[in-house]
Amino acid sequence: MSQPLILVAGPCAAETREQMLTIASELLSLQPQLQQAVEQPLQFVFRAGIWKPRTSPHSFQGVGDTGLEWLQAVQRKGLSVATEAGTAIQAQKAVEAGVDIVWIGSRTCANPLQVQEIVSALRDNGGTLKAVAVKNPMHEDVGLWQGNIERMMSLGVPVWAVHRGCNHRSCWRMAYELRRSYPDVPLLIDPSHMSGMAQRVSVLSRKAAELGYDGWMIETHNMPEKAMSDAQQQILPRELCRCIVQPKEPDTLSWLRAEIDEVDEELWQTVLKRMEVSRRIGEYKRQTGMEVVQPTRFDFILRQRLEWAKEKGLSDNTINVMMNALHEESIRQQQ
Ligand code: PEP
Ligand code: MN
């Protein structure tokens, strides 16, 4: 029998006992339909953060230890449960409460000493732990992700890699490298944190299936717009049906194309940013009575960019066309 695919779904954060049980029931009722969408076994896991690593001390920090009993209530409905541990104490409390899967979040992953302490806590207390999931760190550093996965491997339980991207960039290359170095570690996508937008979750989930991922971690809430954290990126449980499709055999060209699409998106963002700065320059010129077109400035820009092109072996003609087109649009934006 082939390896099961993995679907980790549930809210960003546990908010109330009732919210947890409502979402768990909805997920359970969708289980047959989701299972049918793939041609291999699908392992279901309910997720909810109870200790939330938040940027601001003023935002919702999670319900804390209280949520452990709510997770147990979800387990009694027949689902495995997962939560994030950001410290050794949290890891210890989670496994003592019988949490099935602990995940290490992207902020924690940036600190190997802290991850090592969590490993020790799991080793000493994690008798019934079924798996550990390791997110990529917030910055694009595949070495750190790999290092944390190796630290977790010493526990002797399955380790899953969760690809959540960095600051809303996918960073496909990082996941490709991870996959190549650990072909046997199940690779899951977290399209919720990767995009930060509910509307992008299904596209990214399907993209991961095209790239041969082994599963998904998707933030799912019964009332996404009222969620106490990450409201803009959570989807309704029934929307999972548009996300879960049978993965394909991975092929290198699809990975490379994913990378090209990502670079073009960045290029597009850069063009927009250039135009935004241009409009501010236009405003300055208007206020100070300067002419919009400043030929000496453009001569300098073109000469310098052509030198950059030469250093990198790029064609003069391409860079000339590109810079002239950008300049022309900048002028248009300033008028
Ligand atoms: C989360 O999964 O809720 C979370 C905090 O994720 P990340 O560590 O990827 O930001
Ligand atoms: Mn979240």
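Start by selecting H168: with a relative accessible area of 53%, H168 is exposed (exposed means over 50% relative accessible area, buried under 20%, and partly exposed anything in between, using a 1.4 Å probe and protein chains only). You'll find H168 in the loop between β6 (159–163) and α6 (172–181); helices are DSSP runs of H or I with at least four residues, strands are E runs of at least two, and both are numbered from the N terminus. Check the backbone too: phi of H168 is near 65°, a positive value in a residue other than glycine.

Keep that loop on screen and click C171, which also sits between β6 and α6. C171 is not a glycine either, yet its phi is positive, about 55°. Is C171 buried or exposed? It's buried, with a relative accessible area of 1%.

A word on what you're looking at: this is a predicted model, where local features need pLDDT of at least 70 and side-chain atom pairs count only at pLDDT 80 or more, while totals for chains, interfaces and linings use all residues. Residues are numbered from 1 along each chain as its sequence is written, chains are lettered from A and ligands numbered from 1 in the order written, and side-chain values use heavy atoms, with hydrogens and water left out.

**Zoom out**

Show the whole chain as a cartoon. The protein has 11 helices and 8 strands, and its C-alpha trace spans about 75 × 40 × 40 Å along the principal axes. Of the 335 residues, 48% are buried. T296 belongs to helix α10 (residues 295–311) and is exposed, with a relative accessible area of 63%.

**The metal**

Next, select the manganese ion (ligand 2). Which protein atoms are its donors? They are C12 (SG), H193 (NE2), E219 (OE) and D230 (OD), at 2.1 to 2.4 Å from the ion. Donors here are N, O and S atoms within 2.8 Å of the metal (3.2 Å for Na, K and Ca), and since water is not among the atoms, sites may look incomplete. The sequence spacing of these donor residues reads C-x180-H-x25-E-x10-D. One pair links distant parts of the chain: H193 is in helix α7 (residues 191–195), and D230 is in the loop between β8 (215–219) and α9 (252–288), 37 residues apart. H193 counts as buried because its relative accessibility is 13%.

**Ligand 1**

- K135: a polar side-chain atom is 2.8 Å from an oxygen of ligand 1.
- R107: a side-chain N or O atom is 3.0 Å from a ligand oxygen.
- E219: the side-chain N or O atom to ligand oxygen distance is 3.4 Å.

On its own ligand 1 has 300 Å² of accessible area, and the protein covers 97% of it (Shrake-Rupley, 1.4 Å probe; for residues, only the protein chains shown count as cover).

**Q234**

Stay in the loop between β8 and α9 and select Q234. Q234 is buried, at 3% relative accessible area. Its side chain reaches the backbone nitrogen of C12 at 3.0 Å and the backbone oxygen of S229 at 2.9 Å. Beyond residues up to four places away in sequence, Q234 touches P11, C12, A198, E219, T220, H221, P224, A227 and S229; contact means heavy atoms within 4.5 Å.

**The core**

Finish with the nonpolar core, a set of buried Ala, Val, Leu, Ile, Met, Phe, Trp, Tyr and Cys residues joined through side-chain atoms within 4.5 Å. The largest one has 74 residues, and F46, L122 and M152 have the most contacts inside it. Helix α1 (residues 17–37) is the top contributor, with 6 residues. Select L122 and, leaving aside neighbours within four places, you'll find A91, V95, V102, L129, V132, M152 and L155 in contact with it. A second, separate core of 12 residues includes A82, I101, A133 and L188.

Notes. Polar contact = N/O pair within 3.5 Å; in protein donor to acceptor, adjacent residues only side chain to side chain.
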